[in-house]
Amino acid sequence: MAGQKFQYDESGGTFYYFLLSFLALVLIPTTIYYWPRKKKEDPEKLREDCQCPDCIKKKAILASAEPYRAVKNVSIRIGLVLGWTLLIYLAYRVSQFDYEMASFDPFEILKIEPTASKAEIKKAYHKLSLVLHPDKETGDEKAFMMLSKAYQALTDEVAKVNYEKYGNPDGPGAMSFGIALPSWIVEKENSVWVLGLYGLIFMVALPSVVGMWWYRSIRYSGDKVLLDTTQMYFYFIHKTPHMLLKRALMVLAASLEFDKRHNSQVVERQSDNEEVPALIRQLPNLNEKCKEHPLCRMYSIKARAILHAHLSRLPLNPETLEKDRQFIVKKCPYLVQEMVSCVHQLVMLAYARRVPRLPSIETIENCMKMSPMIIQALWEFKSPLLQLPHVTDDHLYFMNKKRHIKNLQQFAQLAPEESRQLLKSLSDFEYGNVMKVLGKMPSIDFSIRCEVIDDENTNVVTAGAIVTVTVTLVRKDMNTLFGDSKVPQKQGIKDDEQQEGAEEEEAAVNAAPVKKSSTWAKPRKGKGGKGGKKPAPNQKKKAPPPTKASVSSAANAESQQQESKHDSDGDSEADASDVDEKESVSDSDEENEKQTKNSSLDDDDDEEWERLQAKLNKREKLEGKSRISHTVHCPYFPEEKQEYWWTYICDRKSRTLLTAPYHVTNLVEREEIQLKFTAPRWPGVYTFTVCLRSDSYLGMDQQQELKLDVKKAPAPPTDHPQWDLSESEHENNDQPENLSEYTTDTSDEEDSE
């Protein structure tokens, strides 16, 4: 190989192969993914969609969101057609090279049969040489050389042997190495231009592109929010631990995404000097004279005024402020989610003693309230029924006067003739739009299940244990409630007074929740009220491990318990022998432990396997978490919006957050979420609240009470030398000033007794 000289492609044949391969690898996937396709709208979907004026206006806004879309599609088509034309040309050139470089066939060149004699070969050669000889007018030097080579291969003995053995009358060819690049690339006179091109690409263009990408990426968080905006959120939330809704709206409007100096997409007009002050005069309680920075800056005041006008559904100039409204409103869902994340991080830092003040639960809930308000363009105090098309305040007054309709669920459960009577001022077309939108709104079946997964008895909560609350969400359309004339049960946030009757009958001793009710407490039934085995039958009825119990099964269980109270005392011992082992509870702790072990031996393997499968399923969901659920009806929001939800656990009495708000973005039909928190350090009965909040609709929020009877943690064995506790540790544990961070209900229940 020493001294081997590489040959460059003089004729361009191999270079065409290189270009053809490279172009095909790029052009085929590019055509598949980027060829413009015209979306065919389904006629049925068009009939199901709302046809109110606001929705039609939104469709026009979405269609005009990309003004150069048609030009872009035409440019893409032209580029792809040119690319395929070049590909076809290169393929044609390569096919010509293949024809010229085909295997050498002397009989075809001489145009004779393989069985021809020597005389016929000489005759054919003589005839063709008179035509192809270079000295003739019709001569062709290249063709004459091939003719001579073919005649030699058939008449000369040595050439004939070489042709039969190697396929070439000249014998085996020498090995040569070639490069599929034209020779002008390495010519001396072109070296300066070639090196300049390499330097321009690899030393200027590539580092510039990487640097621009890096500079832009480091300015944003994972949710595409400016890091400076996130720092501003931290500052104001820490400064105002109990942030009101209007204060949160002011902070949101001060986001640096709305500042021209931080976002080049912001448009500042000369007309703002006249239109913005005129708009401010129409809006009360805007607090435009605030002196805090950056709340007092002009971009912040403008964004705040536009948000207030959006929530009040005030018409704006379509050429100026209306475009600014669309730009600002589109950014808000991401910014609200970032504010919620900042509040949660500050709560965690406060628990770790890194910040002195703990943000209250009202702060994070007020931040969450802003999202559905902005999506639906309604203030919080407005009726949720205004989310329906064509419904006005006059209709609300008539509904409240006739049937006391306050929310969407109540209106959905009315009989068709009653709902039509309440909206009799609407035409049939408008009433059809109202019912179509209402029928597609969500009706969430919200249930919870509590357990301590790592303990042997999962139903007993001890001090300091890790409590796992599984929130099950089943999403149905609101049209499942249509035609029910019964008085609907309000699905909004329940007041504490609605559950006081049930709480007086049941004491919270164990974690066994039932849908739509707080049954974390075990019923007080004298001898039968001891132990933690009561929830076992409910677990037996649950479908995948363990699922929720229905309301009807809970009602049947309560009726059976009431009937058992009226049985005679003399038959109680005989009846106890026929009851299942999971229903009977002994007085002694030893018998209780034996029954617990006996009832769980057969199901241990199944439970372990089911828990493992649940963990694997949860991991798969987290790895590929979708953000597609159901489209929200939001004619005042300038983009398509999907239904998202927040779920979390809080303590209302201490106004603290126990778990991070989980953002549910993939609720299509059913979803299970696990929320974990540490049980209080001191025994007692605690009442927490599991909340579900929508980020797209008003009036869809729900909450359920979670009652925990926290038992004293078992003392660790002292016979092992490594587990001996020092006297100082015992003294510290016995000090009364180490109070729990949670509030207990034990004193309240004792007073009520």
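I take helices as DSSP runs of H or I, at least four residues, numbered from the N terminus. The model I am reading is predicted.

I looked up Pro294 and found it in the loop between α12 (272–282) and α13 (298–311).

**Positive phi.** I then checked Lys111. Its phi is near 60°, a positive value, and the residue is not glycine. I placed Lys111 in the loop between α5 (106–110) and α6 (118–132). Lys111 counts as exposed because its relative accessibility is 69%, and the cut-off for exposed is over 50%.

Arg655 was my next stop. Arg655 is not a glycine either, yet its phi is positive, about 60°. I found Arg655 in the loop between β6 (645–651) and β7 (656–657). With a relative accessible area of 35%, Arg655 is partly exposed.

**Nonpolar cores.** I turned to the largest nonpolar core, which has 123 residues. Leu252, Leu388, Phe411 and Val469 have the most contacts inside it. Helix α14 (residues 321–351) gives the largest share of this core, 14 residues. Where does the core lie relative to domain 3 and domain 4? It lies between them, because domain 3 (227–440) and domain 4 (441–492 + 626–714) both give residues to it.

Leaving out residues up to four places away in sequence, Leu252 touches Tyr233, Phe258, Leu307, Cys332, Leu335, Val336, Met339, Met370 and Ile374. I also logged a second, separate core of eleven residues. Ile112, Leu128, Leu147 and Ala150 are among them.

Definitions and conventions. Residues are numbered from 1 along each chain as its sequence is written. This is a predicted model: local features need pLDDT of at least 70, side-chain atom pairs count only at pLDDT 80 or more; totals for chains, interfaces and linings use all residues. Side-chain values use heavy atoms; hydrogens and water are left out. A nonpolar core is a set of buried Ala, Val, Leu, Ile, Met, Phe, Trp, Tyr and Cys residues joined through side-chain atoms within 4.5 Å. Buried means under 20% relative accessible area, exposed over 50%, partly exposed in between (1.4 Å probe, protein chains only). Helices (H or I, at least four residues) and strands (E, at least two) are DSSP runs, numbered from the N terminus. Domain bounds come from an automatic or database domain assignment. Contact means heavy atoms within 4.5 Å.
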